[in-house]
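Subject: Structure for you to look at

Hello,

Please find the structure we spoke about below. My notes come after it.

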Amino acid sequence: MNQYFVAFCIAAILSQIEAFTLQQRQQGDLFALECLRETAANPVSVALLKIGDFSAKDEASKCFVRCFFEKEGFMDARGNVETENIVAALSNDYDKVKVEALIDRCQVEGREACDTAFQMYECFYRNRESL
């Protein structure tokens with residue numbers, strides 16, 4: 001797949017997250033590219049995830065989310081959710097009580113770590129307006 005297309009998809013995804021600083025967006029771009037490489041996820045499927053299309057429930061897409069969560073410090077290498085790190089990251093831009101409520105609402109236990117990360121991201125996305 002054309003590297004420019006991949007970079008465009010990742011940039012499109014991350015540019016939608018307005019609360020991120022330029023440095024955070026650049027770091028996110030790097031993480032996303034690394035995770036695409038590591039998981040062989042389809043860049044189009046990853047781009048669709050950002051706009052709320054969760055139809056790509058293949059293992060590579062799920063593991064892309066896990067990889068990204070790990071690199072952001074939201075999940076450890078064993079697949080455990082790092083709740084404190086998520087609260088710390090999101091509380092810079094959103095009310096901490098609302099962030100904690102969202103995390104509580106989105107605590108899921110998938111079949112394995114990739115599935116857990118994917119389901120958690122889907123829940124975060126679907127409930128983001130509560131922030």
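What follows is a summary of the chain, then of some of its helices and residues.

This is a predicted model, in which local features need pLDDT of at least 70 and side-chain atom pairs count only at pLDDT 80 or more, while totals for chains, interfaces and linings use all residues. Residues are numbered from 1 along each chain as its sequence is written, and side-chain values use heavy atoms, with hydrogens and water left out.

The chain as a whole

The secondary structure amounts to 7 helices and 0 strands, in the order α-α-α-α-α-α-α along the sequence. Helices (H or I, at least four residues) and strands (E, at least two) are DSSP runs, numbered from the N terminus. The chain has 131 residues, and 40% of them count as buried. Buried means under 20% relative accessible area, exposed over 50%, and partly exposed in between, with a 1.4 Å probe and protein chains only. Of the contacts (heavy atoms within 4.5 Å) between residues at least 6 apart in sequence, 57% join residues at least 24 apart.

Helix α6 and its neighbours

Helix α6 covers residues 96-105, and Val-99, Leu-102 and Ile-103 are buried in it. Seen down the helix axis, the buried residues of α6 fall within an arc of 100°, so they line one face; the arc is that of the directions from the helix axis to the C-beta atoms. Val-97 and Asp-104 are exposed on the other side of α6. The cover over the buried residues of α6 includes α5 (83-90) and α7 (113-126). At the start of α6, the backbone nitrogen of Val-97 has a side-chain oxygen of Asp-95 within 3.1 Å.

The axes of α5 and α6 are 9 Å apart, and the two helices pack at an angle of about 140°. Axes are lines fitted to C-alpha atoms, for helices over the stretch in contact, and angles run from 0 to 180 degrees between N-to-C directions. The pair α5 and α6 is therefore oblique; angles under 35 degrees count as roughly parallel, over 145 as roughly antiparallel, 65 to 115 as roughly perpendicular and the rest as oblique. On the α5 side, the contact is made by Thr-83, Ile-86, Val-87 and Leu-90, and on the α6 side by Lys-96, Val-99, Glu-100 and Ile-103.

Asp-104 of α6 has 58% relative accessibility and counts as exposed. Asp-104 is 21 residues from Thr-83 in sequence, and their C-alpha atoms are 9.2 Å apart in space.

Helix α4 and α7

The axes of α4 and α7 come within 7 Å and cross at roughly 80°, which makes α4 roughly perpendicular to α7. Residues in this contact include Lys-62, Val-65 and Phe-69 of α4 and Cys-114, Phe-118 and Tyr-121 of α7.

Lys-62 sits in α4, which spans residues 59-72. Is Lys-62 buried or exposed? Lys-62 is buried, with a relative accessible area of 6%. Apart from neighbours within four places in sequence, Lys-62 is in contact with Lys-57, Arg-111, Cys-114, Asp-115 and Phe-118.

A loop residue

Ala-40 lies in the loop between α2 (22-39) and α3 (43-50). Its phi is near 60°, a positive value in a residue other than glycine. Ala-40 is exposed, with a relative accessible area of 64%.

Regards

Definitions and conventions:
Polar contact = N/O pair within 3.5 Å; in protein donor to acceptor, adjacent residues only side chain to side chain.
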